[in-house]
Amino acid sequence: MSNPNRIKSAFANQKAFIGFLTAGDPDISNTAEFILAMEEGGADLIEVGIPFSDPVAEGPVIEAANIRALEKKVSVDDVFGVIRTVRQKSDIPLVILSYLNPVYFYGYDKFFAECKAVGVDGIIIPDLPYEECREVTDVADKYGIELISLVTPTSQNRIEMIAKESKGFIYVVSSLGVTGIRDEIDNNIKPTIDAIKRVTDTPAAVGFGINRADQAAELVQYADGVIIGSAIVALIEEHGANASDYIRNYVKSIKVAL
Amino acid sequence: MNNTSARFGEFGGQYMPETLMNEVHDLEKAYARYKDDPAFLEEFDVLLHEYAGRPSLMYHAAKMTQELGGGKIYFKREDLNHTGSHKINNVLGQCLLAKKMGKTRVIAETGAGQHGVATATAAALMGMECEIFMGKEDVKRQALNVYRMELLGATVHSVTSGTMTLKDAINETMREWCRRVEDTHYVVGSVVGPHPFPAIVADLQSIIGKESREQILQLEGKLPAAVIACVGGGSNAMGIFRGFIADEGVRLIGCEAAGKGVDTPEHAATITKGQKGVFHGMKSYFCQDENGMIAPVYSISAGLDYPGIGPEHSHLHDSRRADYIAVTDEDAVSAFEYLARSEGIICAIESAHAVAGLIRLAKEYTPDDVIIVNLSGRGDKDVAAIARYRGRNVYE
């Protein structure tokens, strides 16, 4: 069962490490183990990506993970199966990341009911902006699944509107463009976080481009957490089914810096 | 010009990454300001007449009418426009709008290369930087168009993600727009994408329908019984349909690409075989699998090789205002050859799908009925591929 307070607990009295992976990469049988390895390394919340044929917000690393997973014909039900397995062993907050079409196609009511049944706490939908969020908010609310809002460097005048209605946490996109490791993170993130903090207590976590401990340490001076995806997915790409130890150690190396 | 509401029935919307939402709203505001601005419209009108060569001809195909033995056939000759297709109407309007918005750079996707060539042309004319994204498969299929775009000063990027065709070119153009939005306008090539693109492109292409209506009333003193056009994303069809949607007696027919057949996996027949979904910023019909993954589609025609269709078409279909039929590669190639022999016109393989639709439906009409077919583009680009389809090794 989902528990709306679980996401809150990830940010309680600490800076949160949020890890991302694409479910089914390299195989659906590895995904639960990788999630648990992140938790053992100190992750406070995990984003589980439902693979999609056309992940337009992703850079090459995560796009390749989507393709690997789809070559194995990973389905939405397979991803729910993974979450059910994780929930038998862990109470870590779990958030699904999915493009809207797989959710729409599955059927909104059936999808969010299943989220609740298996213990998903929230959802991030990169192609569902504020203007269209009513598409799912009623049904997500009905099942207690929190729709995570995104704020980007181009949000500007939209930040207040978005932050006011935010739930769970706010995903602050650090840079223009798509996901992927960057050497330099725009350090102009503070005004965005300040604008968010003026209107809401919802925690703000920064993602896109982060892969090193020093970058993460700098960002959490302002932000409530960091989100790391491509760096973890790159470890899975490199080490395949044997990636657990590498993931655990990597998460540990970042978490200590927060 | 009209209709800039965000939806057509339940279809359309703005399903875009947050990064682009302010930009999309800026475009909405700019378009709302200029679409009825007399100075802007005058400038656009001058470009259409003096640069693109409008109005395009309404040609009575007497020989084909006699041979097919049904309705009286007319072709709306968009193939005679500068750059060889209807695409020029849209790009001149969008580049003009982009300039008014202070943009100095345009980006665009292209399938067959027609929209890429048209965008590169408009960018050259208006002194804008231009980058075109084209699937690697299409770069191979349409090498000559790649060189044309380069001649016109554009940079062409070969897209190697996904199925390496039109949908992936759109994905990559959207990614590029997310990376660099400040000085850049995305010249969407069809009546697809998030609002306001479907409305803008339909408005800019509605000149086809406006002229057609005036021309046929002058020539025949009555409205046509049917209007036929090919449909990929659907901009040439929407352009000509716009002239007749309010005339309930005019049957509107869109011809989709059935590729190797709608009962095979190799087709791009979105209305015939697709299901409702949300992709590329819009709710519409899409070819997709049992998990909601966008399906790899196929057509001999690169311009129709797209897994979706514009939201206004989805609405015209659901409200039964327009009919959509599927045309195979084989029927399209036969129609391409037949039109060449019968009327001496080599049309685009995309447009040949509409001609095949005409051949199928002509007999349902009598000589008193007028049928207009939108000949959306010329076929020079397709000649070598058609020869190869027929087993002749011709290379450009």
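Good morning. I shall begin with chain B, where six strands form an open sheet in the order S3-S4-S14-S9-S10-S13, with mixed pairing. The edges of this sheet are S3 and strand S13 (322–328) of chain B; each has a single partner strand, so one side of each is left without a neighbour in the sheet. On average, and ignoring direction, neighbouring strands are turned by 25° against each other. Please bear in mind throughout that this is a predicted model.

Within the sheet, let us look at one pair. Strand S4 (residues 72–77) of chain B runs parallel to strand S14 (residues 370–375) of chain B, and 6 bridges join them. As an example, Arg77(B) has Leu375(B) as its bridge partner in S14(B).

Which strands does helix H14 of chain B lie across? This helix, residues 349–361, lies across S4, strand S9 (226–230), strand S10 (251–259), S13 and S14 of chain B. Its direction is at about 145° to S9(B).

I turn now to the backbone. Most peptide bonds are trans, and most residues other than glycine have a negative phi. Chain B has a cis peptide bond from Arg54(B) to Pro55(B), with omega near 0°. Another cis bond joins His195(B) and Pro196(B), with omega about 10°. Here the proline, Pro196(B), belongs to the loop between strand S8 (184–186) and helix H9 (197–220) of chain B.

Two residues deserve mention for a positive phi. His280(B), which is not a glycine, has a phi of about 50°. His280(B) occupies the loop between strand S11 (275–279) and strand S12 (281–286) of chain B. Is His280(B) buried or exposed? It is buried, because 27 other C-beta atoms lie within 10 Å, and the cut-off for burial is 20 or more.

In chain A, Phe208(A) has a positive phi near 90° and is likewise not a glycine. Phe208(A) lies in the loop between strand S7 (204–207) and helix H10 (213–219) of chain A. With 28 C-beta neighbours inside 10 Å, Phe208(A) also counts as buried.

Finally, the contact between the chains. Chain A contributes 32 residues and chain B contributes 26 residues. On the chain A side, the elements giving two or more residues are helix H3 (60–71), helix H5 (100–106) and strand S5 (146–151). H5(A) gives the most, with 6 residues. Thank you.

Methods. Residues numbered from 1 in each chain as written. Chains lettered and ligands numbered in written order. Predicted model: local features only at pLDDT ≥ 70, side-chain atom pairs only at ≥ 80, totals over all residues. Contact = placed C-beta atoms within 7 Å. Helix = DSSP H or I, 4+ residues; strand = E, 2+ residues; numbered from the N terminus. Buried ≥ 20, exposed ≤ 12 C-beta atoms within 10 Å, placed from the backbone. Pairing = 2+ DSSP bridges. Axes fitted to C-alpha atoms, helices over the stretch in contact; angles between N-to-C directions.
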